[in-house]
Amino acid sequence: MSIFGIALAMGMACLGIGLGQGLGLSKGLEGISKQPEASNKIQTAMIVGMALMETIGILTFVIAIMLFSKV
C-alpha cells in the first residue's frame, strides 16, 4: 500500500510540474510576443522559474527513493 502512495505522490508531482512549466512557458512567450523589448528580462525569469520547478521534481524523486528503501 505504501508503494501505491509513493507512486501517487510522484505522479501528482510530475503532473503539477508539467502543468506549471507549460503554463509558465506559454505566458512567457505571450509576454515576449507582446513586448519584444523586454524579452531578456522575461526569458531570464522564465528560465529561473523552470529551474526551480525541475528542482522540486528532483527533490520529489529523491524523497520517493528514500521512502521506497524503507519499505
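First, a word on how to read the numbers. This is a predicted model, in which local features need pLDDT of at least 70 and side-chain atom pairs count only at pLDDT 80 or more, while totals for chains, interfaces and linings use all residues. Residues are numbered from 1 along each chain as its sequence is written, and side-chain values use heavy atoms, with hydrogens and water left out.

**Overall build**

The chain has two helices and zero strands; these are DSSP runs numbered from the N terminus, with helices (H or I) of at least four residues and strands (E) of at least two. Along its principal axes, the C-alpha trace spans about 55 × 15 × 5 Å. The radius of gyration of the chain is 16 Å, whereas a compact globule of 71 residues would have one near 11 Å (taken over C-alpha atoms, with a globule rule of 2.2 Å times the number of residues to the power 0.38).

Here are the two helices side by side; the expected span is 1.5 Å times one less than the number of residues.

| Helix | Number of residues | Span between end C-alpha atoms | Expected span |
|---|---|---|---|
| α1 | 33 residues | 48 Å | 48 Å |

**How the helices meet**

Helix α1 (residues 2-34) packs with helix α2 (residues 39-70) at an angle of about 175°, and their axes are 10 Å apart. Axes here are lines fitted to C-alpha atoms, for helices over the stretch in contact, and angles run from 0 to 180 degrees between N-to-C directions. α1 is therefore roughly antiparallel to α2, a label for angles over 145 degrees. The residues of this contact divide into 18 nonpolar, eight polar and one charged; Ala, Val, Leu, Ile, Met, Phe, Trp, Tyr, Cys and Pro count as nonpolar, Asp, Glu, Lys and Arg as charged, and the others, Gly among them, as polar.

**What is buried**

Buried residues make up 13% of the 71 residues in the chain (buried is under 20% relative accessible area, exposed over 50%, partly exposed in between, with a 1.4 Å probe and protein chains only). In α1 they are Ile 6, Met 10, Ala 13, Ile 17, Gln 21 and Gly 28. In α2 they are Met 46, Met 50 and Ala 64, and these pack against α1.

Gln 21, in helix α1, counts as buried because its relative accessibility is 18%. Leaving aside neighbours within four places in sequence, Gln 21 is in contact with Met 50, Met 53 and Glu 54, contact meaning heavy atoms within 4.5 Å.

Ala 51 lies in helix α2 and, at 41% relative accessibility, counts as partly exposed.

Terms used. Parallel < 35°, antiparallel > 145°, perpendicular 65-115°, else oblique.
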